[in-house]
Amino acid sequence: ANRDLWSLRGSDFSKARKRLEQNPVSIERTKGSEILFGIAPCALALSQSRRDLFRLFLKQSSGPRRLVMSELVLQATARGVPVHHIKRRELDALCRGQVHQGVCLEASRLHFKSLEEAEKPNLGDEESPNRQLIWLVLEQIQDPMNLGALLRSAYFLGVDRVVTSQSNSCPLTPTVSKASSGAMEVFDVYSTDDLRSFLKAKAAEGWEVVGTVSKPEDVENVPVISCLEFRWNKPVIIVIGSEGDGLSLETQLLCHRMLAIPPGRALHPGIESLNVSVATGILLHSICSQKLRHRD
């Protein structure tokens, strides 16, 4: 009988623990805030002055990340940001089960900058005619993981500006920041509600507008070359299309040339293209490596 009683109590305890895990303590949020998650996004957001910062949440038992957590506490203290040590399940609830690495940060949202801000004549020697410029333009990228990976590659490889279309495009969310490994926190992203007028204007200024395509046979009226053949000899805009459909026909027709990545083998039907962020990283490296070679 006693054994049955202990078994019943153990079962009740297990059920109660599961209820707690399924219904973690709720934390009231500041109006208009969002929850960043992950060490790199939170650390970089703390080090910049681009967001209003409200609270830093850390896992109670930091384990091997103790030094990292201590540095985050120092950064938060220097910025006057309250630090709260909470349980893992509360962190899980804050970021809706995303991989937070024991860190969440409540902060104001980041928004795209207007294209007019990108074209102000206060860019110093960036507008020098001898300076190689490269802008990355994104048409209707909708997946936050792809957008984050694109921003990470663009930042790493030295892209000067990223411009995205406003319609049917992913906003700058915490998931984008995490996927960018925090690059979104230090790298401005611009947007335009009239992508085609923008491309026409840059072409009129002497920029080369280069589109991208996975299947060269699908392109008409625009020359297609391998990315290995492209030579960077003037300011260039690389235009990337959406995950499913690629560049719209209207945008393709505004491009001077289209770039394709040559495959390394004969491809089976259905796996004839690359993920958009992977393809963009290859294309950017192919072009930006020319910039590195030209440095003296």
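Select R55 and E106: the two form a salt bridge, with the closest N and O atoms 2.8 Å apart. A salt bridge here is a side-chain nitrogen of Lys or Arg within 4 Å of a carboxyl oxygen of Asp or Glu. R55 sits in strand 2 (residues 53-59) and E106 in strand 4 (residues 103-108), so the pair ties together parts that are 51 residues apart in sequence. Helices (H or I, at least four residues) and strands (E, at least two) are DSSP runs, numbered from the N terminus.

Before moving on, note what is loaded. This is a predicted model, in which local features need pLDDT of at least 70 and side-chain atom pairs count only at pLDDT 80 or more, while totals for chains, interfaces and linings use all residues. Residues are numbered from 1 along each chain as its sequence is written, and side-chain values use heavy atoms, with hydrogens and water left out.

Now show the surface around the first pair. R55 counts as buried, at 19% relative accessibility. E106 is buried too, at 0% relative accessible area. Buried means under 20% relative accessible area, exposed means over 50%, and partly exposed lies in between (1.4 Å probe, protein chains only).

How many salt bridges does the count come to? The count is 11.

Next, select R196 and E139. Their side chains meet in a salt bridge at 3.8 Å, N to O. This pair links distant parts of the chain: R196 is in helix 8 (residues 195-204), and E139 is in the loop between strand 6 (134-138) and helix 6 (144-157), 57 residues apart. R196 counts as partly exposed, at 34%. E139 is buried, with a relative accessible area of 5%.

Go on to K202 and E205. Here the salt bridge spans 3.0 Å, N to O. Is K202 buried or exposed? K202 is buried, at 5% relative accessible area. E205 counts as exposed, at 52% relative accessibility.

Then pick E34, R51, R109 and E185 together. These four are linked in a network of salt bridges.

**Two helices**

Color helix 2 (residues 39-47) and helix 3 (residues 66-79). They pack at an angle of about 30°, with their axes 9 Å apart. That makes helix 2 roughly parallel to helix 3. Axes are lines fitted to C-alpha atoms, for helices over the stretch in contact, and angles run from 0 to 180 degrees between N-to-C directions. Angles under 35 degrees count as roughly parallel, over 145 as roughly antiparallel, 65 to 115 as roughly perpendicular and the rest as oblique.

Which hand does the crossing of helix 2 and helix 3 have? The crossing is left-handed: the near helix is turned anticlockwise from the far one by less than a right angle.

**Positive phi**

Jump to R96, in the loop between helix 4 (88-94) and strand 4. Its phi is near 55°, a positive value in a residue other than glycine. R96 counts as exposed, at 77% relative accessibility.

Q140 is the next stop, in the loop between strand 6 and helix 6. Phi of Q140 is near 60°, again positive in a residue other than glycine. Q140 counts as partly exposed, at 26%.

**A surface patch**

Finish with L274, V278 and I282. They form a nonpolar patch on the surface, with about 230 Å² of accessible area together. Patches are made of residues with over 30% relative accessible area and no salt bridge; like charges are joined within 9 Å, and nonpolar side chains (Val, Leu, Ile, Met, Phe, Trp, Tyr) within 5 Å. Accessible areas come from the Shrake-Rupley method with a 1.4 Å probe; for residues, only the protein chains shown count as cover. L274 is in the loop between strand 12 (257-260) and helix 10 (276-293). L274 is partly exposed, at 45%.
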